[in-house]
Amino acid sequence: MSTSTFLIRRVLQALAVVAIVTIVVFALLHALPGGPARGILGPQATAQQIARFNHEQGLDKPLPVQYFYYLDQLLHGDLGTSYTLNAPVSRLIGERLPKTLVLTVLSAVTGLLLAIPLGMWQAVRRNRPVDYVITTLSFIAYSTPVYFLGLVLVLVFSQVLPWFPSQAPQGDSLADVLSDPRALVLPVVAGAASMIAVFSRYMRAATLENLSEDYVRTARAGGARSRAILRGHVFRNSLTPVVAMLGYYVPVLFGGALVVEQLFNYPGMGLLFWSAAQASDYPVLLGCVLVIALATVVGTLLADIVQRVIDPRVKAGRA
Amino acid sequence: MSAILQPAELPGATDTPHEGASGVRLAVRRFLRNRLAVAGLCVVAFFVLFCFVGPLVYSTDQTHTALQQVNLSPSGNHWLGTDAVGHDELGRLMYGGKVSLVVGLAAGVLATVIGTLWGATAGYAGGWIDAAMMRVVDAGIAIPALFILLVVSAITTPGLAGMILILGLVSWLVPSRLIRAETLSLKNRDYVLTLRAIGGTHARAILRHILPNSVSTIIVATTFQIADAILLVAYVSYLGLGVQPPSTDWGGMLAAGLNAAYSGYWWLILPPGLAIILVVWAFNAIGDGLRDAFDVRGRG
C-alpha cells in the first residue's frame with residue numbers, strides 16, 4: 001500500500017468513526033425516560049407544557065429527521081444551546097476547552113518527561129532491584145483511583161503541609177486560572193501519575209526490544225561505548241513509538257481531566273460536563289462528548305501517520 | 001481506567017521445556033516462578049477470604065445505623081473505627097468488598113465475553129463486515145468510559161445486575177481488538193480450512209476451533225479486564241451511580257469518606273483506598289505473570 005493510499009483510507013476510516021460517534025451519542029441521549037423536556041421543566045410540568053417544549057426544540061419530529069437536523073447544525077459549527085446556562089454550547093466549550101488543554105498538556109508533558117528516563121533506566125537495569133521497585137510503583141500508580149490520589153495529595157500537601165492550594169483559582173479567562181501557577185501543581189501531578197506508570201512500561205519494553213537488535217551488537221562490536229549506543233541509537237528508536245502512543249492516550253487524558261477538574265474545582269470542560277450531567281443538560285453533554293471523540297480520532301490518526309511516516313518498519317509490516 | 005494498553009514484554013521464557021511436560025504445566029511452572037504474580041495471587045486469595053469468610057469471624061451489624069457511635073476512631077471495640085452512621089469500618093470493608101469483587105469479576109468476565117464474540121466474528125468475517133465492526137470499536141474507544149457512566153448516572157440508578165451490565169458494555173472494546181488479531185492469524189490454519197471444506201459451519205469454526213486456540217489470550221485479557229473493572233467500580237460511586245445504602249462497595253465507602261477526610265477521619269478513606277489499590281494491583285500482576293507464562297502478546 002502506498003503512503004497516499006494509506007492516508008486516504010485512514011482518513012476515511014476516521015470520518016466513519018466520527019459518524020458512528022454522532023449516531024451513538026444521539027441515540028443514547030434520546031433513549032432517555034421522559035426525554036429532555038422532563039429534565040428541564042421538572043416533574044410538575046403539564047403535558048401541554050411538555051408538548052410545547054418538544055415542539056419548540058424540534059423534539060416532536062421523527063428521530064432520523066432530528067438526527068440530520070443535528071448533523072446539519074454541526075457542520076455549521078452549531079452545537080445547540082444549553083438548557084440551563086442559556087448560552088450556545090460551542091461558546092461554553094470554547095471558553096472551557098483551553099483550560100482543560102492546559103491541564104492535560106501539562107500533565108502529559110510532566111508524565112512523559114518522567115516516564116521516558118524511568119523506562120530506559122529500568123530496561124538497562126532489567127531484573128535488578130531498581131527495575132522491580134519502579135515496576136511495583138508503576139502498578140500501584142496505575143491501580144490508584146485518580147480521585148483517591150488527588151484526595152491524598154490535598155490532605156498531605158495542602159492540609160498537613162500548607163504548600164499548595166487545594167483549589168484552582170476561579171475566573172472566566174484563561175489568565176485568571178493561570179494567575180496562580182502553584183494551584184496547578186496538585187492537579188497536574190494527579191493527572192500525570194497513571195500516565196507515568198503506563199508510559200514508563202512502554203518505554204521499558206521499547207528499549208528492551210531495541211537493545212536486542214542487531215545494530216546494537218554491531219555498534220558494540222565496532223567499539224562504541226554503551227552510553228553512546230544508548231543515547232545515539234536506542235533512545236531515538238524507542239522514543240518514536242512511545243510518543244506516538246500519546247495519540248492513543250487522548251481519551252484517557254480526558255477521562256482523567258474529568259475527575260481532576262471536579263476534585264480541584266478547576267473550571268474546565270470536565271467540570272462543565274460534570275455540572276451538565278447533574279442538570280440533565282443534554283446539549284452540553286452531547287457537545288462535550290463530541291469534542292472529546294473528535295480529539296481522540298485526530299490523536300489516533302496522527303499516531304498512526306507518525307508511526308508510518310517515521311518508522312519505515314511499520315510500512316514493511318515488521319513492527 | 002479502561003483502554004490502557006500494556007506493552008508486551010519480551011518473551012521471557014529462557015527455560016527449556018521439560019520432557020513430556022504439557023504446555024499448561026509449563027505455563028503454570030513459569031507463572032509460579034514469577035514472584036510478583038504469586039504475590040498478586042496471594043493478595044487476591046487474602047481478600048476473598050477476608051470478604052467472604054471474614055464476616056463469619058468478625059461479625060458486625062451493617063444494616064442498622066447506630067447514631068450514638070458515629071465517626072469513632074479505631075479502638076479495641078472497633079478496630080478500624082466507625083463511619084458517619086455508626087457502622088463498624090472493618091466490618092464494612094468486608095461487606096463492601098464483596099460487592100466490589102463480585103461486580104468487578106462479573107463485569108470483567110462479561111466484557112471479555114462480549115469482546116471475544118465481537119472480535120472473533122469481525123476477524124473471521126473479514127472484508128466490510130470486519131471494517132464496520134471495528135469502526136464501531138474505534139468509536140466506542142473515542143468516548144471515555146467515565147463520560148458515558150456519568151451520562152448514565154444522570155438518567156438512572158441501576159441495581160447490582162444493571163451495574164454489571166453497564167460496566168461490561170463500556171469496557172469490552174480492548175479485548176475485542178485482541179481477539180480479532182488472534183482470529184486473523186488462526187482463521188487460515190489448516191484445521192479451520194479443513195472443517196470448512198467438509199461442510200462445517202462458520203459458528204462451529206469460531207466456537208470449536210478458533211476460540212479454544214485463543215484461550216491463553218482470552219485468559220490473560222480476562223485478568224486485565226477484571227483489574228480494570230474493579231477500578232471502574234471504584235469510580236462508579238464517585239460518579240453517583242453506586243449501590244444504594246445500606247449496601248455499599250469500596251468505592252462507595254471512599255466517596256462517603258471524601259467528606260470526612262477534612263475532619264481528619266483517616267480511617268474512613270485509607271482502608272477502602274488501600275484495598276482497591278491492592279486488589280487492582282494484584283489482578284494486574286497476575287495478568288502480567290500469565291501473559292509471560294503463556295507467552296502471548298499483551299493487550300494493545
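How many helices and strands are there in chain A? Chain A has 15 helices and zero strands. The model described here is predicted.

## Chain A overall

Chain A has 319 residues, and 38% of them count as buried. Its C-alpha trace spans about 85 × 60 × 30 Å along the principal axes.

## Where chain A meets chain B

The two chains touch. On one side are 42 residues of chain A, and on the other are 40 residues of chain B. Several helices of chain A give two or more residues to this side: H1 (3-30), H6 (129-143), H7 (146-160), H9 (182-211), H12 (250-264), H13 (269-278) and H14 (282-310). The largest share comes from H1(A), with seven residues.

What classes of residue make up the side of chain A that touches chain B? There are 34 nonpolar residues, six polar ones and two charged ones.

## Two asparagines in loops

Asn127(A) sits in the loop between helix H5 (89-124) and H6 of chain A. Its phi is positive, about 65 degrees, although Asn127(A) is not a glycine. Is Asn127(A) buried or exposed? Asn127(A) counts as exposed because it has 10 C-beta neighbours inside 10 Å, and the cut-off for exposed is 12 or fewer.

Asn265(A) is found in the loop between H12 and H13 of chain A. Here too phi is positive in a residue other than glycine, with a value near 55 degrees. Asn265(A) has 13 C-beta neighbours inside 10 Å, so it counts as partly exposed.

For the complex, the predictor gives an ipTM of 0.79 and a pTM of 0.82.

Chain B has an average pLDDT of 79, and 88% of its residues score at least 70. Among the elements of chain B, helix H4 (residues 89-125) has the highest mean pLDDT, 89. Helix H3 (residues 54-57) of chain B has the lowest, 77.

Which residues of chain B have a pLDDT that stays under 50? They are residues 1-20. For this stretch of chain B the model has 42 contacts beyond four places in sequence. Where pLDDT is low, the predicted coordinates should not be read in detail.

Definitions and conventions: Residues are numbered from 1 along each chain as its sequence is written. Chains are lettered from A and ligands numbered from 1 in the order in which they are written. This is a predicted model: local features need pLDDT of at least 70, side-chain atom pairs count only at pLDDT 80 or more; totals for chains, interfaces and linings use all residues. Two residues are in contact if their C-beta atoms, placed from the backbone, lie within 7 Å. Helices (H or I, at least four residues) and strands (E, at least two) are DSSP runs, numbered from the N terminus. Ala, Val, Leu, Ile, Met, Phe, Trp, Tyr, Cys and Pro count as nonpolar, Asp, Glu, Lys and Arg as charged, and the others, Gly among them, as polar. pLDDT is the predictor's confidence in each residue, from 0 to 100. A residue is buried if 20 or more other C-beta atoms lie within 10 Å of its own, exposed if 12 or fewer, and partly exposed in between; C-beta atoms are placed from the backbone.
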